[in-house]
Amino acid sequence: MSNKAALWFLGLLLFLAVFRDLIANGRPLYCKIGGESYWPGFHRIWFVNPHARFDEPALNAILDQQGYFDEAWKNLSNYDEAPVFAFIPFTPGEYPSRNALELAPPGSIPPGAGARFRHWLGTDSHGRDIAATLVSGARVALLTGSVAMGMALLIGLLLGTIAGYFGDDRLKVRRGRWWLTLLGIPVAIFFAFTQRQYEISVAETSAIWWETFGIFASVIVIFNGLGWVISHFAFFSQKVTIPADLYIMRLAEIFNAIPKLVAIIAFSVLMQRQSESIWLLIGLIGIMSWTGMARYVRAELLRVRELEYVTAARGLGLPDMRILLRHALPNAMRPVLVALALGVAGAVMLEASLSFLGFGGDALKGISWGSLLSRENAQANPVKAWWVMLFPGLMICLTVLAFNHLAEKWNKDI
């Protein structure tokens, strides 16, 4: 894949992701009922609950007719004139309750429907439109890759900077703050997780986990503050050297030793009530993907911190934070772009693998590329349903190739 082709393909993905609801939508973008004009398709675009009631009684009347998803909106007798539908008149993940075409080949038309409602790329084993899923999968892939790797970048940048710039002999902390912070970790685990074990096990939403992590962080901050207070005493004010590089790299090795796929599935079982969420998927991928970023940043800062301009700045008495933020870190960021592009490609593959295995439940069925490759779809009859495997597999392959090619180009430019 050439540079131009990779950029054009990524631009196409971005276009599909941003304008998904204008390209694939089971509700008309414009219709006229009883002499009044309505825009029901835009109700979904503004991130409103798709099953929420309308303010207009005429639209609620159609909403009450529909089978499971958006089927009643395609009944042209509900309108004064022909409505305006999106190019793909099917909502991603839409189940038809009647006239279902299970594993229909590309170009099929549902019985009794007009050519306007043709399945251009066929349907899966549940009658969901493949073309709509491909469009929706672009949003899921880019959202997963960008947000998950954004999280990984923040974690990896912080830990890699500490490990690379301070090493094992330059990070000095007052004894009181260090001891109290270490003491606060088991206390935070007790109050955040052990004491709230029952609440976590019966929780119906992911809000309980945000509360748990908030409690954990709050306890650590409180103990750190207490450490700052006792550091005013002579014994606790003495500084100790923290081998930051040693600790952080051992932590990275532990994360690298754990297979990401297995770890995410294990966490999803632990949080089974909240596992049907794409945001949980994104968060777990981000938490498990920071090690590559940290290694890149650490390696560059180990080199940059020994350069003459950093040594001169240190000799002038400039504080470490100023040297790090204004001189060392900006010159160590370019290789991180390579790791970021490779990480996005890996996140796309990981999301596809997880949705292929059923992670996310109904929340991802019919809206992600990997869900089309599941056993109930592509694997059920790979010869008969070739289109269910071909199109999503091709999109996954081209997306990963495009990001890998982008990383290779950036690597050559460094």
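This is a predicted model: local features need pLDDT of at least 70, side-chain atom pairs count only at pLDDT 80 or more; totals for chains, interfaces and linings use all residues.
Let me begin with the whole chain. The protein has 414 residues, of which 46% count as buried, and its secondary structure comes to 18 helices and 4 strands. If we take the contacts between residues at least 6 apart in sequence, 70% of them join residues at least 24 apart. The protein exposes about 20,900 Å², and carbon and sulfur atoms supply 66% of that area.

Turning to the interior, I would remind you that in soluble globular proteins nonpolar side chains tend to be buried together. In this model the largest nonpolar core has 78 residues, and those with the most contacts inside it are Leu 13, Ile 88, Ile 264, Ile 285, Leu 301 and Trp 369. Helix 5, which runs over residues 130–166, gives this core its largest share, namely 16 residues. Apart from that core lies another one, of 10 residues, which includes Ile 33, Leu 59, Ile 62 and Tyr 79.

Which residues does Ile 285 touch, if we leave aside its neighbours within four places in sequence? The contacts of Ile 285 are with Thr 144, Ala 148, Ile 264, Ala 347, Leu 350, Glu 351 and Leu 354. Four of these names, Ala 347, Leu 350, Glu 351 and Leu 354, fall within the range of helix 16, residues 334–356. Helix 16 itself has 23 residues and reaches 34 Å from its first C-alpha to its last, which is close to the 33 Å expected at 1.5 Å a residue. Just after helix 16 comes Gly 358, which takes a positive phi of about 100°.

Now to the charged side chains, where a search of the whole structure finds 9 salt bridges. I have picked out a few that sit in different surroundings, judged by relative accessible area, with under 20% taken as buried.

In one of them, Arg 128 pairs with Asp 124, and their closest N and O atoms are 2.7 Å apart; both of these residues are buried. Another joins Asp 21 to Arg 20, at 3.1 Å from N to O. Asp 21 counts as buried because its relative accessibility is 4%, and Arg 20 also counts as buried, because its value is 15%.

A further bridge links Arg 250 and Glu 253, with 2.8 Å between the closest N and O atoms. These two residues are 3 apart in helix 10, residues 244–257, and so are separated by about one helical turn. Arg 250 is partly exposed, with a relative accessible area of 37%, and Glu 253, at 39%, counts as partly exposed as well. Coming back to Arg 20 and Asp 21, salt bridges that share partners join them with Arg 139 into one network.

Which residues make the nonpolar surface patch of about 530 Å²? The patch is made by Leu 12, Leu 14, Phe 15, Val 18, Phe 19 and Leu 22. Its largest share, 4 residues, comes from helix 1, which covers residues 3–18. Leu 22, by contrast, lies in helix 2, residues 20–23, and counts as partly exposed because its relative accessibility is 34%.

Technical notes: Residues are numbered from 1 along each chain as its sequence is written. Side-chain values use heavy atoms; hydrogens and water are left out. Patches are made of residues with over 30% relative accessible area and no salt bridge: like charges are joined within 9 Å, nonpolar side chains (Val, Leu, Ile, Met, Phe, Trp, Tyr) within 5 Å. Accessible areas come from the Shrake-Rupley method with a 1.4 Å probe; for residues, only the protein chains shown count as cover. A salt bridge is a side-chain nitrogen of Lys or Arg within 4 Å of a carboxyl oxygen of Asp or Glu. Buried means under 20% relative accessible area, exposed over 50%, partly exposed in between (1.4 Å probe, protein chains only). Contact means heavy atoms within 4.5 Å. The expected span of a helix is 1.5 Å times one less than its number of residues. A nonpolar core is a set of buried Ala, Val, Leu, Ile, Met, Phe, Trp, Tyr and Cys residues joined through side-chain atoms within 4.5 Å.
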